[in-house]
Amino acid sequence: IEADEQTFTPRWMEILGYSKSDFRDGHAVSSIHPDDHDRASQALRAHLDSKAPYDLEIRLQHKQGYYVWVRSKGQAVWDDRGRPIRMAASITEITDRLRAEDALRRSQGQFTAIADNSPSLIYLSDKDSNLLMVNRSYQKFHGVTEEFALEQPATEWLGYKNAELLLEADHKILTTGRPLELEYEIELADGKKRQMKSVKFPIFD
């Protein structure tokens, strides 16, 4: 660190598009994205000064000019007087992972928009019949907030005439892997009864 000397591994060069000849020519310089520079500098200083963990996600400029998302991890070594004398660091490319996460967020946002603008009651439940998501029509129909619906067991507050029937249907769907149409009666909080027709189907990972 004091001599300001750096050694780069073949994997580092591969991720950022460099070769050994670039080092001989003195051109192997990886630039941190301007939006990430301050955060990276603060993390490095905190690690060297107070031994805080150095582990962050930043963008480094590829030799061809575009930026690559990487996870940067490092560990310094200090002398007897607490001065950092050297530091080992590694980078792992995470561009594909972040793109996949972004695509998933967009997909989830699109699903939520479609569900919340549907007049049908749409919900998701897990294998134990606990609710994971309810759309706006579902909340309005039952007069509950999403938080309440997800925190309380549905079979205890929905007023189903036969809760066991729904649990049995959920089990059958998961066992057979096939959709199922179900008709049942429900009693709302105001005492009114409604006849419901539900189409349930499994979602696999």
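**Salt bridges, up close**

Mentor: A search of the whole structure turns up 14 salt bridges, each being a side-chain nitrogen of Lys or Arg within 4 Å of a carboxyl oxygen of Asp or Glu. Keep in mind that this is a predicted model, where local features need pLDDT of at least 70 and side-chain atom pairs count only at pLDDT 80 or more, while totals for chains, interfaces and linings use all residues. Residues are numbered from 1 along each chain as its sequence is written, and side-chain values use heavy atoms, with hydrogens and water left out.

As for confidence, pLDDT is the predictor's own score for each residue, from 0 to 100. The chain averages 87, and 92% of its residues reach 70 or more.

Let's start in helix α3 (residues 34–50), which holds both Arg 45 and Asp 49. Helices here are DSSP runs of H or I with at least four residues, strands are E runs of at least two, and both are numbered from the N terminus. The two side chains meet in a salt bridge of 3.1 Å, N to O, and the partners are 4 residues apart, about one turn of the helix. For solvent, buried means under 20% relative accessible area, exposed over 50%, and partly exposed in between (1.4 Å probe, protein chains only). Asp 49 has 56%, so it is exposed, while Arg 45, at 48%, counts as partly exposed.

Arg 106 is partly exposed with a relative accessible area of 49%, and Asp 102 is partly exposed with 32%. Elsewhere, shared partners tie Asp 36, Arg 39 and Arg 59 into one salt-bridge network.

One more charged side chain deserves a look: Lys 51 lies over the face of Trp 78, 4.8 Å from the ring centre. To count, NZ of Lys or CZ of Arg must be within 6 Å of the ring centre and within 35 degrees of the ring normal.

That brings us to rings facing rings. Rings of Phe, Tyr and Trp (its six-membered ring) pair if their centres lie within 6.5 Å; planes under 30 degrees apart count as stacked, over 60 as edge-to-face and the rest as tilted. By that rule there are 3 aromatic pairs. Take Tyr 123 and Tyr 138: their centres are 5.6 Å apart and their planes at 55°, so the pair is tilted. This pair links distant parts of the chain, with Tyr 123 in strand β4 (residues 123–125) and Tyr 138 in helix α5 (residues 136–142), 15 residues apart. Tyr 138 is buried at 3% relative accessible area, whereas Tyr 123 is partly exposed at 23%. Phe 8, Trp 12 and Tyr 18, for their part, form one aromatic cluster.
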